[in-house]
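This briefing is for a reader new to the structure. Please look over the sequence and the model before reading the points below.

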Amino acid sequence: MLTIDAKNVDFYYSEFHALKNINIEVEKNKVVALIGPSGCGKSTFLRLLNRMNDLIDGTRMTGQVLIEGKDIYAPGIHVDELRKEVGMVFQKPNPFPKSIFENVAYGLKVNGIKDKTFIEERVIESIKSAALWDEVKDKLNKSAFALSGGQQQRLCIARALAISPKVVLMDEPASALDPISTAKIEDLIHELKKDYTIMIVTHNMQQASRVSDKTAYFYLGELIEYDDTIKIFTNPTEISTQNYITGRFG
Amino acid sequence: MTPVINANNSDNKKRWSQAIAFTIFKMMSYAVVAILFLILGFIVTKGIGVISWDFLTLAPEEGMTKGGIFPAIMGTIYLVLGSSLFSFPIGIMSGIYMNEYAKGNKVATFIRIMTNNLSGVPSVVFGLFGMSLFVNTMGFGDSILAGSLTLGLLSLPLVIRTTEESLKAIDQSYREGSLALGATKLQTIRKVVLPMAFPNIITGLILSIGRVSGETAPILFTVAAYFLPKLPTSIFDQVMALPYHLYVISTSGTDVEASRGIAYGTALVLIVIVLLVNLLANALRTYFSKKVKTN
């Protein structure tokens, strides 16, 4: 079964037709990079997968998005249930003004888990999965705001992992970080692929080619090309894709 | 030939007007502080002589020319508490509704325009309205209840506004971060948004207390007693209150000249209460903004 299956998706911000007939299929434990110039609709598409666009007034969608075979826009679907399955990491690190421990425990607690030992184990496990453990193990009760930007972003990844999602969405997760922190996040994506299906929006071509198995190129709301990353970056079918990845974009 | 700008001349002019402008701005801001200290100094020097333990703990005596102001202090405290009980919950909940649930829609805009208008209504009009509605129509009589409700109405716009502004200042990314973890909107508000906005909200609330404790007109027709040397026993009793007491003994007391000292003493007590409340607001804001980052 496909992990993500978007069928004939159209999306509108009021009158603006932001996504035009998008079809994407993603298999389990793959990393998919979404690339394209600003305003092409790649972030909008990402935010459709955990229904974050619901928060914006005047938006409308047609088509179908299936996550593990389940139509996430069907009536009767609870968005909070969906968002437990589909985690998200944002462009700017946004840890809560709580301790490091409480940040990671937050998702478990709001979903009604009360067992303290379970929470503690899960928090430690998640911080380890986010490759942050060695840096924070002695200060779990310190404020998350005291961490560096790169550490904060890995904390946000740990926070997303704690509730055991099936899919992790990343919206330019490294664009606000320095090169060393960026490298750490990229290494982390390679590790996380073993357990999660990942979709990442990025403006950085090298990053897309380094971390992803498949790449989708968006332009003006259309999915121009979606193929294996190696094919997109070495021998793209569409001229527009080639222009974009070679920086000749006009 | 390239045109030459007479640099020296225009540079000098620029610097002069800059220097003059800053001097004026500086003098104006110092003047504000000076006026404030002048008022404080005036009240303190005139009033400090009257302040004693007896003044703070006894009822007025001999036609309010002697004795203390204890009933008025207590009356003001009751009214502040009573109006807060009314305006804080309603105001905070309205503020949350307007910013978190109805943001940008027509209902919220309408409520905002109305509350802004409400805050522009002169306080004596609130007094008249309170008298008509709470004292007469609802039959509470001149009472702590009627006075508290009237003062509560008066401070409601401030409380709503403060709550809304404090919530607005919280970056949307924190809300999204919480929602993305499967939290509901209510959980997000309770566990992330409100704790972050709390230091600012509490500052606004306390400032509204400062405002309420100094208001005279709204309590004039709804609760304030001219002379009532005992403490109230229920919320349907009248009380004395500091601002009204000050007004009474300065204008229509039994012997205005003889009460002059007490008037300054009362003013001093009122000012000290408001100052303490403001200092408390600052202290709490500092305390909570530290706390919110670590727990």
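The points below cover one chain as a whole, its contact with its partner, and one residue at a chain start.

The model is predicted. Chain B has eleven helices and two strands, and chain B touches chain A through 20 residues of its own and 23 residues of chain A.

**Chain B: fold and shape**
- Along the sequence, the elements of chain B come in the order α-α-β-β-α-α-α-α-α-α-α-α-α.
- Chain B is more spread out than a compact globule, because its radius of gyration is 25 Å, well over the 19 Å that the globule rule gives for 295 residues.
- Taken along the principal axes, the box filled by the C-alpha atoms of chain B is roughly 90 × 60 × 40 Å.
- Of the 295 residues in chain B, 39% are buried.
- Among contacts in chain B between residues at least 6 apart in sequence, 77% link residues at least 24 apart.

**Contact between chains A and B**
- The contact is made by 20 residues from chain B and 23 residues from chain A.
- On the chain B side, the elements giving two or more residues are α7 (172-179), α8 (185-214) and α11 (260-294) of chain B.
- That side of chain B consists of nine nonpolar, eight polar and three charged residues.

**Met1(A)**
- Met1(A) lies in the segment before β1 (4-13) of chain A.
- Met1(A) counts as exposed because it has 8 C-beta neighbours inside 10 Å, and the cut-off for exposed is 12 or fewer.
- Leaving aside residues up to four places away in sequence, Met1(A) touches Glu68(A) and Gly69(A).
- Met1(A) and Phe101(A) are 100 residues apart along the chain, and their C-alpha atoms are separated by 35 Å.

Methods: Residues are numbered from 1 along each chain as its sequence is written. Chains are lettered from A and ligands numbered from 1 in the order in which they are written. This is a predicted model: local features need pLDDT of at least 70, side-chain atom pairs count only at pLDDT 80 or more; totals for chains, interfaces and linings use all residues. Helices (H or I, at least four residues) and strands (E, at least two) are DSSP runs, numbered from the N terminus. A residue is buried if 20 or more other C-beta atoms lie within 10 Å of its own, exposed if 12 or fewer, and partly exposed in between; C-beta atoms are placed from the backbone. Two residues are in contact if their C-beta atoms, placed from the backbone, lie within 7 Å. Ala, Val, Leu, Ile, Met, Phe, Trp, Tyr, Cys and Pro count as nonpolar, Asp, Glu, Lys and Arg as charged, and the others, Gly among them, as polar. The radius of gyration is taken over C-alpha atoms; the globule rule is 2.2 Å times the number of residues to the power 0.38.
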